[in-house]
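Subject: Structure handover

Hello,

Here is the structure I promised you. Please open it first, then read my notes beside it.

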Amino acid sequence: MLPAANRMRKSGEFSQVFRHGKRSGNQFLVVHTLCDGQVNEAGLDEVGFVVDKKIGFVVGKAVGNSVVRHRVTRKLRHILRNYIEDLECSALVVRALSPAAEADSHTLEQALLREFRRLHILRNRDE
């Protein structure tokens, strides 16, 4: 489970990330991110939702039935829990695509890390 301070819940928060952020994707998922420089452009400081790093998940009906969607969300949540401190962005939304239903946790983690590197939002753990 993600800490309550890191959970994105309001539709306005999701909309801001989709509208003003960058995105990158592969066959399993699409990562939308909003970094600090983009926060000022979007005016989110005035809204006040970017206090901690916020993370949200979108797993639509195309992924599968309710059981499958929740299983994918749990896998993604468990993976991201390990990387919260290393993310260099203010807000992150992970949107799962239908092949994610058949993917195991290791495959999803590799796909997620690939997108983090592509977006340059993952700080090296060696620093």
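Helices (H or I, at least four residues) and strands (E, at least two) are DSSP runs, numbered from the N terminus. With that rule, the chain has five helices and four strands. Starting at the N terminus, their order is α-β-β-α-α-β-α-β-α.

Two notes on the source. This is a predicted model, in which local features need pLDDT of at least 70 and side-chain atom pairs count only at pLDDT 80 or more, while totals for chains, interfaces and linings use all residues. Residues are numbered from 1 along each chain as its sequence is written, and side-chain values use heavy atoms, with hydrogens and water left out.

The chain as a whole

Buried means under 20% relative accessible area, exposed means over 50%, and partly exposed lies in between (1.4 Å probe, protein chains only). Of the 127 residues, 46% count as buried. The accessible surface is about 7,100 Å² (Shrake-Rupley method, 1.4 Å probe; for residues, only the protein chains shown count as cover). Carbon and sulfur atoms hold 46% of that surface. Next come contacts, meaning heavy atoms within 4.5 Å. Take the contacts with a separation of 6 or more: 78% of them join residues 24 or more positions apart.

Helix α1

Helix α1 covers residues 11-20, and its buried residues are Glu-13, Phe-14, Gln-16 and Val-17. Looking down the axis of α1, these fall within an arc of 160 degrees, so they line one face of the helix. The arc is that of the directions from the helix axis to the C-beta atoms. Ser-11 and Arg-19 are exposed on the other side of α1.

Helix α4

Helix α4 runs over residues 66-81, which makes 16 residues. From first C-alpha to last, α4 reaches 22 Å, close to the 22 Å expected at 1.5 Å a residue. The expected span is 1.5 Å times one less than the number of residues. Which residues of α4 are buried? They are Val-68, Arg-69, Val-72, Thr-73, Lys-75, Leu-76, Ile-79 and Leu-80. Down the axis of α4, the buried residues again fall within an arc of 160 degrees, so they line one face. Their cover includes β2 (29-34), β3 (54-59), β4 (91-96) and α5 (105-119). Look at the start of α4 too. There, a side-chain oxygen of Asn-65 comes to within 3.2 Å of the backbone nitrogen of Val-67.

Helix α5 and Glu-115

Helix α5 has 15 residues, which should span 21 Å at 1.5 Å a residue. The end C-alpha atoms of α5 are 21 Å apart, which agrees. Its buried residues are Leu-108, Ala-111, Leu-112, Leu-113, Glu-115, Phe-116 and Leu-119. What covers them includes β1 (22-25), β2, α4 and β4.

Now pick out Glu-115, which sits in α5. Is Glu-115 buried or exposed? Glu-115 is buried, with a relative accessible area of 0%. Beyond its neighbours within four places in sequence, Glu-115 touches Ser-24, Gly-25, Asn-26, Leu-29 and Val-31. The side chains of Glu-115 and Asn-26 make a polar contact at 2.9 Å. A polar contact is a pair of N or O atoms within 3.5 Å; within protein, one must be able to donate a hydrogen and the other to accept it, and residues adjacent in sequence count only if both atoms are side-chain atoms. Glu-115 and Val-31 are 84 residues apart in sequence, yet their C-alpha atoms are 6.8 Å apart in space.

His-120

His-120 follows α5. Its phi is positive, about 60 degrees, although His-120 is not a glycine. Most residues other than glycine have a negative phi. His-120 is exposed, with a relative accessible area of 65%.

The cysteines

How many disulfides does a search of the whole structure find? It finds zero. A disulfide is a pair of cysteine sulfur atoms within 2.5 Å. Cys-35 is buried, at 16% relative accessible area. Cys-89 is buried as well, at 5%.

Best wishes
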